Amino acid sequence: VVIVTHTATLTHSLTHSYCHSSHFSRLHCTICGNSWFQTRERIMTLRDNFELIDLPQMDRDRIALNMREGKLANYIGEAKLYVSNLSFDVTEQDLYQEFSQHGKVGETNIVYENGTGRPRGFAFITMRSLEDGKRVTEALDGAQFHGRELRIKEATS
């Protein structure tokens, strides 16, 4: 299974099979079932400093849920939250596990300093529904998490 992006907004988990012609492969998405032909060179060529990595399981699960619910594959959620006063040892997986106890999490993003890669102490978490966003804010705003008191509010654009 290989993960590639074939448009700017749609990620697919792919398997491929070769056709009689040596120039094309038939790609099949293992999440949504779509398939298409693409040249081998386009599939296997990556620019310098790029690498092919597996899509994290929580992202594959989110995409599969989106397909089951009839949403676009890149749908993340409706309630984007700003979460501050985070401990520097908190990971995105820690946030995902904590917040998912109060609703469906679409995405977690810890913000890091440019250059050093050190966490800046805040994150953006997108909950799949507005109701989940309200529920998690009521439950966790002011709660202790990794030795710090969380501050949660709706993110502004």
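Residues are numbered from 1 along each chain as its sequence is written, and side-chain values use heavy atoms, with hydrogens and water left out. Because the model is predicted, local features need pLDDT of at least 70 and side-chain atom pairs count only at pLDDT 80 or more, whereas totals for chains, interfaces and linings use all residues.

A search of the whole structure finds 3 aromatic pairs. Rings of Phe, Tyr and Trp (its six-membered ring) pair if their centres lie within 6.5 Å; planes under 30 degrees apart count as stacked, over 60 as edge-to-face and the rest as tilted. Two of the pairs involving Y82 are listed below.

| Pair | Centre to centre | Angle between planes | Class |
|---|---|---|---|
| Y82 and F122 | 5.5 Å | 45° | tilted |
| Y82 and F124 | 5.7 Å | 55° | tilted |

Strands (E, at least two residues) and helices (H or I, at least four) are DSSP runs, numbered from the N terminus. F124 also lies in strand β7, so its pairing with Y82 ties together parts that are 42 residues apart in sequence.

Accessibility is classed as buried under 20% relative accessible area, exposed over 50% and partly exposed in between (1.4 Å probe, protein chains only). F122 is buried because its relative accessibility is 15%. Y82, at 25%, counts as partly exposed, and F124, at 26%, is also partly exposed.

**Charges over rings**

A charge sits over a ring if NZ of Lys or CZ of Arg is within 6 Å of the ring centre and within 35 degrees of the ring normal. K80 lies over the face of F124, at 5.3 Å from the ring centre. R118 takes such a position over F88, at 4.3 Å from the ring centre.

**Backbone exceptions**

Most residues other than glycine have a negative phi. N85, although not a glycine, has a positive phi of about 65°. N85 is placed in the loop between β5 and α3 (92-99), and its relative accessible area of 28% makes it partly exposed. H146 likewise is not a glycine and has a positive phi, of about 55°. The loop between β8 (144-145) and β9 (148-149) holds H146, which is partly exposed at 38%.

**Cavity and pocket**

On a 1 Å grid over the protein atoms alone, a cavity is a set of points where a 1.4 Å probe fits but cannot get out, and a pocket is an open set with protein on both sides within 12 Å along at least five of seven lines; lining residues have an atom within 4 Å of a point. Grid points are joined across faces, edges and corners, and a volume is the space filled by probe spheres set on the points.

The structure holds 1 cavity of 30 Å³ or more. The largest cavity has a volume of about 30 Å³, and its lining consists of L86, S87, F88, V90, I110, P119 and G121. This lining divides into 5 nonpolar, 2 polar and no charged residues. Ala, Val, Leu, Ile, Met, Phe, Trp, Tyr, Cys and Pro count as nonpolar, Asp, Glu, Lys and Arg as charged, and the others, Gly among them, as polar.

The second largest pocket has a volume of about 170 Å³. Its lining includes K80, K134 and E154, and comprises 4 nonpolar, 2 polar and 5 charged residues. α4 gives the most to this lining, with 4 residues.
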